[in-house]
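Please read the points below alongside the sequence and the model.

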Amino acid sequence: MEELSRVRQVIDGLRRERGWWEDRVMRVGPFMEGSLVEQYRTCGKAGCRCKRGEKHGPYHYLSQKVDGRTRMRYVAKKEVRQLKVLLRRHRELRQARQRIRELTGEIEELFDVVERLRRVEWGEGE
């Protein structure tokens, strides 16, 4: 019975942690999937500094998968900060959901232990 008590305590701790992550998922604000790409470019004007290796930029692009293809959309400098927030929230959401899956798996494994500890054969049990 002592082992069963320890398993129950571990399960309770995992369930509390899972609840914390679940709350975090529910608090995630608006988000956007994709990546922010920074590029430097050459222009083609004769004698421009970019011909000497001092490229223009950085220019920012939102990279997203659309219908199985990668699409790049220009992002104005004034919008970069907000886009970073939206992209970060999506990463946080994915991380939280992954942790919830891991915790659920751990809890399920411990339920198997509880089942093993509580199982009796006819004529042996309580």
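Which residues does Ala96 touch, not counting residues up to four places away in sequence?

1. Basis of the note. The model is predicted, so local features need pLDDT of at least 70 and side-chain atom pairs count only at pLDDT 80 or more, while totals for chains, interfaces and linings use all residues. Residues are numbered from 1 along each chain as its sequence is written, and side-chain values use heavy atoms, with hydrogens and water left out.

2. The contacts of Ala96. With residues up to four places away in sequence set aside, Ala96 touches Trp21 and Val25; contact means heavy atoms within 4.5 Å.

3. The largest nonpolar core. Ala96 and Trp21 both belong to the largest nonpolar core, which has ten residues in all, including Val7, Leu14, Ile100 and Val113. Such a core is a set of buried Ala, Val, Leu, Ile, Met, Phe, Trp, Tyr and Cys residues joined through side-chain atoms within 4.5 Å. Helix H1 (2-27) and helix H2 (77-118) each supply at least two of its residues, and H2 gives the largest share, six residues. Helices (H or I, at least four residues) and strands (E, at least two) are DSSP runs, numbered from the N terminus. Another core, of five residues, lies apart from this one, with Leu62, Val75, Leu83 and Leu87 among them.

4. The sheet. Three strands make an open sheet in the order S1-S2-S3, with antiparallel pairing; two strands pair if DSSP finds at least two bridges between them. Strand S1 (35-41) and S3 are the edge strands, each pairing on one side only. S2 and S3 are joined in the antiparallel sense over seven bridges, and Gln64 has Arg71 in S3 as its bridge partner.

5. The aromatic pairs. Rings of Phe, Tyr and Trp (its six-membered ring) pair if their centres lie within 6.5 Å; planes under 30 degrees apart count as stacked, over 60 as edge-to-face and the rest as tilted. The count by this rule is two aromatic pairs. Trp20 and Trp21 form an edge-to-face pair, at 4.8 Å centre to centre and 90° between the planes. Trp21 is buried at 16% relative accessible area, whereas Trp20 is partly exposed at 44%; buried means under 20%, exposed over 50% and partly exposed in between (1.4 Å probe, protein chains only).

6. The tyrosine pair. Why is the pair of Tyr61 and Tyr74 edge-to-face? Their ring centres are 5.8 Å apart and the planes stand at 75°, so the pair is edge-to-face. Because Tyr61 lies in strand S2 (residues 56-66) and Tyr74 in strand S3 (residues 69-75), the pair ties together parts that are 13 residues apart in sequence.
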